[in-house]
Amino acid sequence: MPTSEERESLVSHHGGSEGHFDLSAEQLSELFDPKNEDLLKKLGGVKSICKKIQVDTSVGLSADEGSSQSDQSAFQDRQAHFGKNVLPEPKTKTFLQLLWAAYNDKTLIMLSIASLVSLAVGIWEDYSPRHPEDEPRVGWVEGTAIIVAVLAVVLTNAVNDYQKEAQFKKLNAKKEDRVLKVLRSGREQQISVYDINVGDVLMLEPGDIIPVDGLFLEGHNMACDESSATGESDTMKKKPDGKGDCFILSGSKVLEGVGRAVVVAVGENSFFGKTMMSMRGDEAEGTPLQMKLDTLAEQIAKMGFAAAILMLLALVIKYFVTAALAPEFPPAADIAAAMISIVIQAITIIVVAVPEGLPMAVTMALAFATTQMLKDSNLVRVLAACETMGNATAICSDKTGTLTQNKMTVTEGTLAEESFESQEEAKEWSKNVDKKNVLPLIYETIALNSTAFEGKDEDGKPDFVGSKTECALLGFSKGLGSSYDDIRHDATIAKVYPFASKRKTMTTISEIKENSAPSTSDGNYRVHVKGASEIVLEACKYYINNKGESQELDQEASNKFNGIISSYADKALRTIALAYRDISKSKYKKVSDDEPPLEELTLIGIVGIMDPLRPGVVESVSAFRQAGVFVRMITGDNLNTAKAIARNAGILTKGGVAMTGPELRAMSVEEQRKVIPRLQVLARSSPTDKTIVVTRLQEQDQVVGMTGDGTNDGPALKLADVGFSMGIAGTEVAKEASDIILMDDNFNSILKALMWGRAVNDGVRKFLTFQLTVNIAAVVLSFISAIGSENAESILSAVQLLWVNLIMDTLAALALATEPPTEDLLHRKPISKYAHLINYRMAKMILGQAIFQIIINLIAIYLGPRIFHLGDTTYDQEVLRTLVFNIFVFLQVFNEINCRRIDTSINVFKDIFDNWIFIAVQVVVVLGQWLIVTFGGIAFKTVPLTGHQWIVTILIGALSIPVGTIIRLIPDCGCERRFNEEAKPLATYSRMTWEGAIGDVRDELRVYSLLRRNRGSKSRDIPARSNTHNSHNEHMAFSAPHTNYGATSNGNGNKNRFADLVKNAQKYQQQNANHNDEN
């Protein structure tokens, strides 16, 4: 301890430079990530560190350190050296930056170029000498419309991103400034968490959430919950340096006890701060859908250019051949005008080939999905994560708080000889025991023998604060209708023996009053005991039955209770025994103040405590399996607990591997790659292990979704293709790192995200099938009709193509991309990220429908006059053009219905009325077409049609649906298998189960072989299995004694030879089962 002079010089030192502190912020920070006891020893321990950071822990920092100088505020030197307890504001993108990011898309850039070219050509045509005087100048419309469409897509994307960011900020807004107790100038005072400095001495109490890293100085029975930081759900006891864990992590919560700690890392140097900072930056890579769309855009552009060049050459050749055969060769001016017209036709082909509606379809699908997903409790922070999730092949889930409730709960119990196996059954159990003698006794022993209390959590909701075990017991009694507060208020506590690890029990002695719970024995004081089941059971002499009557705990009863303890332990439950004893005043006076009276107790019963699964988890895991998604559980818990939870959730299956993080880290990269496919449970994991698993899966082309709620999950959430965090229980770090926030913390919501992701991908594919059919048909029709016409003019005018290609396509995008998800989406496997965007079924439909539409339209162009009884007049030619336009549009209208199903399903009308947007779009398109044909004569070059002509054109268009059915029924001739798009699983559940079953049969055969082969006088050893770690143990288990087969041995006393063999066989099976569990 420093002398008063040293202390005075220490607190009044104002060197003005940063160099007078002997340790840097980086050195202190290294103590905590991970907890580094070696470095702590190297730095001389806690006392030495306190001296180096210039703090006297008995009085804390001086409240006015450094402020005696007029030109600086308090703690200025300290904060300059170690930093403040605030994180720098994250850089957020401006709206203009979001606009630029949204525009940075190959399809949009290609459309922009096409629109500018189209605009330039349209304006030139409008004002060229060849433009007819009686026609309006509308050549600029198409280029302008494409520009508007591009702007609409960019603005929609940017606004969406901006809104998602705003929603996230609102959700993750800093909670109200908290205050914490510190010791300064020898006095306790409350200060803002933002004002805490390195060197401050914190006064910690139950319920405090620690905002900085510190080292434990002294205290009583202090324990912290570090699950949000480390993933370890066990309570961490804190002890002074040299006696145990003295590291206090930022983000952890004080559960019980009180203590003092010295702050050694704040702000971005703390464990919490470093993790938060690591989540920032790093632009997301392109998603599988984005990359496929970019590839497709390039391919379409190349095909469009090829078609344009082909058309250019064909029209030029045709022009000059026609000119050569004419009586008189045209003058140069006419040739130049004709060449310009031909170039314009070629450029039009490129514009027609580009799928203008595709970016709009993707944008609408994502915008609609994210809006609807918010109703399903999914806040999508990164739009692209929605479609990425659709093809996820692996989900790596944290256990604590994600699969489980992060709330220790009494799930099973045997109290007063009556049992219950779930929280729901506990109320039924309470009806089977005596309400006068049993229930009051249980309520009393739980309430009095506990230091936990009901307070409020960080969100202000009522919650128990204290030891997780005690909170679970209080929650159990509260659920049955007991008020612990009333019982405590009426009781008088005589002695308390806090929980101690050496005796593994907690004991409270209370005075027996008139309102105390009745019992069969007489006494003035009641000893309440709870603790480790085996130890408490050993101290018991009696137990109570369901009527509250005391029974002697004989050997049979003892075996029964030991069996209950074992059965609970097998389920990874933490077993707690409750007991009591009534003693007289004279016996009470003899009770020691140091050691509780743990003898002649009466056992009330045994309860099993665990962190239970969230409702719906089992069903979700089963649905993921059906959808071809492999679920893995990664947790900081011990292996046995993790395996039990995983089995209950349906994650750990036969043939699956369960191992610990240190075991995985000890493997080479190649060994990790081999074990990862069958890995279902990873226990005792660190943040590094989580990133290893995600990385190894991604190396094997898996699309990985990672769920988590703790600070320790941040790096893996960032690394995964899709990161899910918890909106309620999740830490700020986890939310910052994630792509999607589960607002209800429900694992089941991830299944909804999968369904919406698949719906988005399907929506884009449905639209693509529709769009490419339109484009191919339009390009080929324009090509053929332009070459076939005398003046090289397409049958479909530029404005008509604008209606078909842009407006109709945009509306079709709205209709097809907003189909809500159905359960059918979970009945198929995920699609490989390398699969082409257009699969075999889509290609078959696109080509089949395009060929059909081209044939129908060519028949209408060249045989239309005969079919519709039209003459050669100008008006009849305009009617023919209108009929072709009408047929073309209605072929698309009915093909849109056809494109609702891109699988092998024949019924394209299934659930059609569930999507009102689709119905509304169809009505708008048909109404728009009627208005264009009837009133759009000048701009669209149409004339009104008769009722008969309308019916005929609609019926021709309706042929798309039966033709689509025929195309679906065309056999694939093995193409479907050859171009299989399903993601190849690393391991299938069926194969793992099959291999596990084969292993079981092999083991049984070995046992049988042992019984047969050991009949001779010589012992024989069964060869050890090559894949086991327990070969030596197996050898010992199967080494038969050197005796003759029979009832007794020769010379070794009376031993049953057959019984030995059976015992050895059972021992082998047990060892093998343990080995399988470990692997």
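Lys399 belongs to helix H15; helices (H or I, at least four residues) and strands (E, at least two) are DSSP runs, numbered from the N terminus. The C-alpha atom of Lys399 lies 8.4 Å from that of Ile645, although the two are 246 residues apart along the chain.

The structure is a predicted model, in which local features need pLDDT of at least 70 and side-chain atom pairs count only at pLDDT 80 or more, whereas totals for chains, interfaces and linings use all residues. Residues are numbered from 1 along each chain as its sequence is written, and side-chain values use heavy atoms, with hydrogens and water left out.

The protein chain contains 41 helices and 26 strands. Of its 1079 residues, 53% are buried. Contact denotes heavy atoms within 4.5 Å. Among contacts between residues at least 6 apart in sequence, 73% join residues at least 24 apart. The chain exposes about 48,600 Å², of which carbon and sulfur atoms supply 56%; accessible areas come from the Shrake-Rupley method with a 1.4 Å probe, and for residues only the protein chains shown count as cover.

Helix H23 spans residues 617–626, and its buried residues are Val617, Ser620, Val621, Ala623 and Phe624. These residues cover an arc of only 160° around the axis and therefore lie on the same side of H23, the arc being that of the directions from the helix axis to the C-beta atoms. The elements covering them include strands E9 (394–398) and E21 (630–634), together with helices H15 (399–403), H24 (639–649) and H30 (748–788). Within H23, Phe624 has a relative accessibility of 0% and counts as buried. Leaving out residues up to four places away in sequence, Phe624 touches Ile395, Val629, Val631, Phe747, Ile750, Leu751 and Leu754. Phe624 and Leu826 are 202 residues apart in sequence, with a C-alpha to C-alpha separation of 7.6 Å. Following H23, Gly628 has a positive phi, near 80°.

Apart from neighbours within four places in sequence, Thr445 is in contact with His528, Val529, Leu578, Ala579 and Ile604.

Helices H33 (residues 874–898) and H34 (residues 916–935) have axes that come within 11 Å and cross at roughly 180°. Axes are lines fitted to C-alpha atoms, for helices over the stretch in contact, and angles run from 0 to 180 degrees between N-to-C directions. H33 and H34 are therefore roughly antiparallel, given that angles over 145 degrees count as roughly antiparallel, under 35 as roughly parallel, 65 to 115 as roughly perpendicular and the rest as oblique. On H33 the contact is made by Thr882, Phe885, Asn886, Val889, Phe890, Val893, Glu896 and Ile897, and on H34 by Phe918, Val921, Gln922, Val925, Val926, Gln929, Ile932 and Val933. By class, this contact has 11 nonpolar, 4 polar and 1 charged residues; Ala, Val, Leu, Ile, Met, Phe, Trp, Tyr, Cys and Pro count as nonpolar, Asp, Glu, Lys and Arg as charged, and the others, Gly among them, as polar. The loop between H33 and H34 includes Asp911, which has a positive phi of about 60° although it is not a glycine. With a relative accessible area of 35%, Asp911 is partly exposed.

Ala416 is likewise a residue other than glycine with a positive phi, near 55°. Ala416 lies in the loop between strands E10 (409–415) and E11 (418–420) and is buried, with a relative accessible area of 0%.

Just after H4, Gln54 adopts a positive phi of about 60°. Asp22, in the loop between helices H1 (4–11) and H2 (25–29), counts as exposed at 55% relative accessibility. Asp22 touches Gln27 and Lys52, residues up to four places away in sequence not being counted. The C-alpha atoms of Asp22 and Ile49, 27 residues apart along the chain, are separated by 8.8 Å.

Definitions and conventions. Buried means under 20% relative accessible area, exposed over 50%, partly exposed in between (1.4 Å probe, protein chains only).
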